[in-house]
Amino acid sequence: MEQLIGYIKHFVIPFFLIITLSLIAILLFKRIRYQYTLPYRSQIIRKSEIFLTEITLSNPDKNTLKYKISKFKSEIPIHKNWCKDMLISNMILMKSNLKGKTAKNILSIYKQLELNHYSASLIRDFRKYKKCLGFYHFQAIGYRPGIHMIKKYLLHPNQIILSNANIAFLALSKGNWLALDKIPVKVSRITTIKVMDVLHSENIPIPKDIDLWIHSEKKAILKLAVMTMVFYNYRNKSAEIIKLLHHKHKALRIDVIIAIRDLYLNEAEEELLSLFDKEAIDVQLEILETLAVIGSEKTISFLKNEIPKQETKDLKLKMVFCYNTLDPAGADQLGSQDADTQKMINHIRKIEL
Amino acid sequence: MIIDFLYLLIHCYAIFAGIFSIAYILFYVFLAILSYFAIIKHVKYQRYLEEEVLLRSNHILGVSVVAPAFNEGVNIVYNVKSLLSLTYPKYEVIIVNDGSTDDTLEKLISEFDLAKIDFYYQEKIPTQPVRGHYRSKNPVYSKLLVVDKINGKSKADASNAGINSSQYPLFLCTDVDCILKRDTILKLAKPFMESPRRVIASGAGIRISNSCDVKEGFLLKVHYPKEWYPRFQELEYVRSFLFGRMAWSQINGLLLVSGGLGMFDKEIVVNAGGYWHQSLGEDMELITRMRRYMHDNNKKFLIKYIPESLCWTEVPSTKTVFLRQRIRWARGLIQTLYLHRNVFESKIWKNCIFNFTVLFFLRIHGSYY
């Protein structure tokens, strides 16, 4: 025991003490340095913001632009990474708020300041988040020559790099779905959100082979196909979309039901009604939401029979919502026969004052 | 004889204190390493999706912000305005008036132009009776829903009534007097959307607002607390969130998402039975039960923590209130550990057994977990 205590006294405690004191010293040093350089950084940030606003909005000729940029470069520490990051962030922010030729000025300033080299170096970096940052710079600034660098990562084994590279490629190539076959089996909600955002912000034309996508055996491609068709309001393949209501994956079936709703595919009504009893509650809720949009007399008579029998409250509430949307007078009649249904009708009608 | 015995007792205590301290330090070194990797991972993942993209999207998950209020008449209007100003495209604010005896409800009705509505209330989680639901006639406040209920003598009961009244698949539980950062919902909802595995809860750092500049429910400037008790608690909170919870999050062993700020998957919470209103530490008890539900149903899941301060709250500034709070927490911990004691017998809990052991031996004295 004495030996153990001696060991702790002479080795363990001094070791932790040295580590702790070293960490405190590093933290203090970093904090002091940060505070010391803060006014300088703020001054540079202000100067950059003024410069970027002036030069972007004034639309100068080539020579003036060149002169002004070289003068600006001599006034700021452009060799520092924090400065490059700050400039690019400001440019991205400005570009998102501008349109047309003025927005294009940002790209030429980006090139003149040679920040494209910095973004490229980020893509070459071994750290995956740096690569993603580089992709984002090219995508957000709209630097199309960067496509060849991004292309290498379209089939990358890392899911994050693969996803971000594909999105950046899609945006810069204005709709080239080169790596579509290689997309992962599962498409997360985030991927969907990113693809839809690119389609929207880059005004990408509808893919030429969209008709082939809908015949794919891959769930991920089918999901993208359905969502892209909804985005472009493309109804040429409605029969194929409806067929997907029988797909083995529940998540895809839900996407298809939502697509039917968004595309107003009235011809799917019967199919939806026939599937209703076979589906799980979450799918049934989506079906009812869709039937509220595309439903006709068939749906009304189906609901008329189902509502009094339904014991699952969530489902009954959605049925009443659907019925009330399609036939308010019929809903009133049904409500007069059952107090619970009447409460649901009141809830639906008065929830939005 | 007695002196010998006392000497032996002191010697034994010294050995115990030595071993305890070494275990404590080593354990925190281990947590620090885990936290480091968790924080690095978070920083890297931030580039997976730019937040502006989420804000522009129609495909994001909706969130209900549930905030119980009991006798909050003094600040309720400012607090609700603060919650209504959060940045997220699809959310609602549910204020649960838990049978306040002051003018909380009256103030809400007059300030937000509320009117009673026919709300089809489904008591998925049993609560004290709900007297009514109110919505604003002013479209500016269309996100607001006020639930008026009989006092259930616990925050848990009020939160459950809010959950029952919510319409979105996720809900954020907070205290009405907490000040949230504008992008809180966005940051907490992001893990639910980006993870391939089902995320059932997420949380983030809470900081102390005692000396901060607050005007009409909005945080103007953050200051380090001036008083000693809040100062120590500030350090304790930072240690707890950055060292403790981030580390547990890294190995998916989190047993607590703070009651002051936590986002949950409503379906799982309802299936697990909601908050237990008799619990002294309802937040920890709920997470433990949610974990149990997921394990029992063989469902894979994650509980995520974000290394960012998103919420500011007042903490006790006097010894009496501080001790009362810590005793309640310690009792809550013992109660939860006792209630879920079979964790030590079952193999399915994996990483939680370690967490439970640590809680039992190192945190039972009531410090912030």
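Guide: In this predicted model, contact means heavy atoms within 4.5 Å.

Visitor: Is Asn160(B) buried or exposed?

Guide: A residue under 20% relative accessible area counts as buried, and one over 50% as exposed. The relative accessibility of Asn160(B) is 1%, so Asn160(B) counts as buried.

Visitor: How many residues of helix α9(B) are buried?

Guide: Helix α9 of chain B covers residues 282-296 and has 15 residues. From first C-alpha to last, α9(B) reaches 21 Å, close to the 21 Å expected at 1.5 Å a residue. After α9(B) comes Asn298(B), with a positive phi near 55°. The helix is mostly covered, and the number of its 15 residues that are buried is 13.

Visitor: In the largest nonpolar core, which residues touch the most other members?

Guide: The largest nonpolar core has 93 residues. At least three of its residues come from each of domain 1 (1-48 + 197-369) and domain 2 (59-177) of chain B. Apart from this core lies another, of 48 residues, including Ile221(A) and Leu315(A). In the largest core, the residues that touch the most other members are Ile95(B) and Phe264(B).

Visitor: Which valines does Ile95(B) touch, not counting residues up to four places away in sequence?

Guide: Beyond that sequence limit, Ile95(B) touches residues including Ala67(B), Ile76(B) and Leu108(B).

Visitor: How far apart do the end C-alpha atoms of residues 6-39 of chain B lie?

Guide: UniProt, in an unreviewed entry, places the feature "transmembrane region" at residues 6-39 of chain B. In the model this span is 100% helix and 0% strand. Its end C-alpha atoms lie apart by 48 Å.

Visitor: What radius of gyration does chain B have?

Guide: Chain B contains 11 helices and 12 strands, and buried residues make up 54% of its 369 residues. Its C-alpha trace spans about 80 × 45 × 40 Å along the principal axes. A compact globule with 369 residues would have a radius of gyration near 21 Å, so chain B agrees with that expectation at 21 Å.

Conventions
Residues are numbered from 1 along each chain as its sequence is written. Chains are lettered from A and ligands numbered from 1 in the order in which they are written. This is a predicted model: local features need pLDDT of at least 70, side-chain atom pairs count only at pLDDT 80 or more; totals for chains, interfaces and linings use all residues. Side-chain values use heavy atoms; hydrogens and water are left out. Helices (H or I, at least four residues) and strands (E, at least two) are DSSP runs, numbered from the N terminus. The expected span of a helix is 1.5 Å times one less than its number of residues. Buried means under 20% relative accessible area, exposed over 50%, partly exposed in between (1.4 Å probe, protein chains only). A nonpolar core is a set of buried Ala, Val, Leu, Ile, Met, Phe, Trp, Tyr and Cys residues joined through side-chain atoms within 4.5 Å. Domain bounds come from an automatic or database domain assignment. UniProt positions are given in the numbering used here, feature names are shortened, and annotations may be inferred rather than shown by experiment. The radius of gyration is taken over C-alpha atoms; the globule rule is 2.2 Å times the number of residues to the power 0.38.
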